[in-house]
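The following note sets out numbered points for a colleague who has the sequence and the model at hand. Please read each point beside the structure.

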Amino acid sequence: MNGNSGYVIWTITDGKPGHLQQIRGLLKALRQQLPVREIELRALPPLSALAHLAGASFPPGEGLPAPDLIVGAGHATHLNILAAKRAYGGKTVVLMKPSLPRQLFDLCLIPQHDGVAPSKQVILTQGALNTMQRSVAADPKVGLILLGGISRHYVWRDDEILAAVGKLVAATPQVHWTLTTSPRTPVSLLDGLQGLAQANLEVVPFARTTQGWLHEVLGCAGQVWVTPDSVSMVYEALTSGTGVGVFDLPRRRSSRVVRGLERLVQSGWVTRFQNWQAGQSLPRLNGQLDEAARCAKWIKQFWYPNA
């Protein structure tokens, strides 16, 4: 701990939005447990990081307060994390399954669907960490539709998604639906959405959204429908406490993502569109899902119990 400024946390990033989201989720939860000071560092290229690891140096950290924690997400950060630890000390936390042996890190926070066994240095999480918290403003008359796009895990079919969205919106005239897309959404689907004009549907393409817009809308939604390729959004919606449904798409193969979503369906956490009764409200998750808070509490309890 650095004086009165709190525990120093170096976050090492590769700049990818999904990985930044996971880091932000853990940092947000840690701030509710500990006094922390975050210093964000961009990962060096792998070969450069490997050379600095061998030489017990880490140039991005020169002149900075020594870290208590070093947190990273994404394969490109792993050698950087180890180089930073060797040069400056601190405990290491890697988010998601690392490409290097897990024993090299002090703590690995790994989604259960990655198929890793828990251990003294592995905490299994329900999905990737995120910044959402349980909403107290969820309105059953406010709905959100999140469309992804082309992925390795599911066969994307514009016609099936458009038909499902049309049926959903028509069957729930009492709900105001906001629909948004993702960078992976095909242009052909965006064109098809123009034919779904209904009074209770507002289409906001991804390109028209601003930072923080999605979380604001998600925090008000009483029910959310997601395409199955957008598994991270499924977990964000579950964390917000809203009812969650998943549209149907054929799977390409039995991948870890597909199996993880099937477990959510079997557990009753999410509803498949084919099982949804027209007009029926989606059931909300019993209890609370906040994996970032659970991991932050573990870190405080076992590493900083006197904080």
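1. Six strands build an open sheet with parallel pairing, in the order 9-8-7-10-11-12. Strand 9 (201-204) and strand 12 (271-272) are the edge strands, each pairing on one side only. Two strands are said to pair if DSSP finds at least two bridges between them. Helices (H or I, at least four residues) and strands (E, at least two) are DSSP runs, numbered from the N terminus.

2. The model is predicted: local features need pLDDT of at least 70 and side-chain atom pairs count only at pLDDT 80 or more, whereas totals for chains, interfaces and linings use all residues. Residues are numbered from 1 along each chain as its sequence is written, and side-chain values use heavy atoms, with hydrogens and water left out.

3. Within the sheet of point 1, strand 8 (residues 176-180) pairs with strand 9 in the parallel sense over four bridges. One of the residues concerned is T180, whose bridge partner in strand 9 is V204. Helix 7 (residues 231-240) lies across strand 7, strand 10 (221-226) and strand 11 (243-246), and runs at about 160° to strand 11. Such angles run from 0 to 180 degrees between N-to-C directions, the axes being lines fitted to C-alpha atoms, for helices over the stretch in contact.

4. G143 is a residue of strand 7. Its relative accessibility is 1%, so G143 counts as buried; buried means under 20% relative accessible area, exposed over 50%, and partly exposed in between (1.4 Å probe, protein chains only). Leaving aside residues up to four places away in sequence, G143 touches V175, H176, W177, T178 and Q223, where contact means heavy atoms within 4.5 Å. R256 is 113 residues from G143 along the chain, and the C-alpha atoms of the two are separated by 28 Å.

5. Another open sheet of six strands, with parallel pairing, has the order 2-1-3-4-5-6. Strand 2 (36-42) and strand 6 (122-125) each have a single partner strand, so one side of each is left without a neighbour in the sheet. Neighbouring strands of this sheet are turned against each other by 20° on average, direction ignored.

6. Strand 1 (residues 7-13) and strand 2 pair in the parallel sense over seven bridges. Along this pair, I9 stands opposite E38 in strand 2, and Y7 stands opposite V36. Right-handed here means that, with the strands pointing away from the viewer, the path from the first strand over the helix to the second runs clockwise.

7. Is strand 4 mostly covered or uncovered? Strand 4 is mostly covered, with four of its five residues buried. Strand 4 pairs with strand 3 in the parallel sense over five bridges, and I70 stands opposite T92 in strand 4. Between strand 3 and strand 4 the chain crosses through helix 3 (residues 78-88), and this β-α-β crossover is also right-handed. Strand 4 and strand 5 pair in the parallel sense over three bridges; L95 has L109 in strand 5 as its bridge partner.

8. Helix 9 (residues 291-303) lies across strand 3 (69-73), strand 4 (91-95), strand 5 (107-111) and strand 6, running at about 160° to strand 6.

9. N130 is placed in the loop between strand 6 and strand 7 (139-146). With a relative accessible area of 8%, N130 is buried. A polar atom of its side chain lies 3.0 Å from the backbone nitrogen of M132. The N130 side chain also makes a polar contact with the side chain of T239 (3.4 Å). A polar contact is a pair of N or O atoms within 3.5 Å; within protein, one must be able to donate a hydrogen and the other to accept it, and residues adjacent in sequence count only if both atoms are side-chain atoms. Not counting residues up to four places away in sequence, N130 touches Q21, G25, Y235, E236, T239 and A292.

10. The protein chain as a whole has nine helices and 12 strands, and 52% of its 307 residues count as buried. Its C-alpha trace spans about 60 × 40 × 35 Å along the principal axes. Among contacts between residues at least 6 apart in sequence, 70% join residues at least 24 apart.
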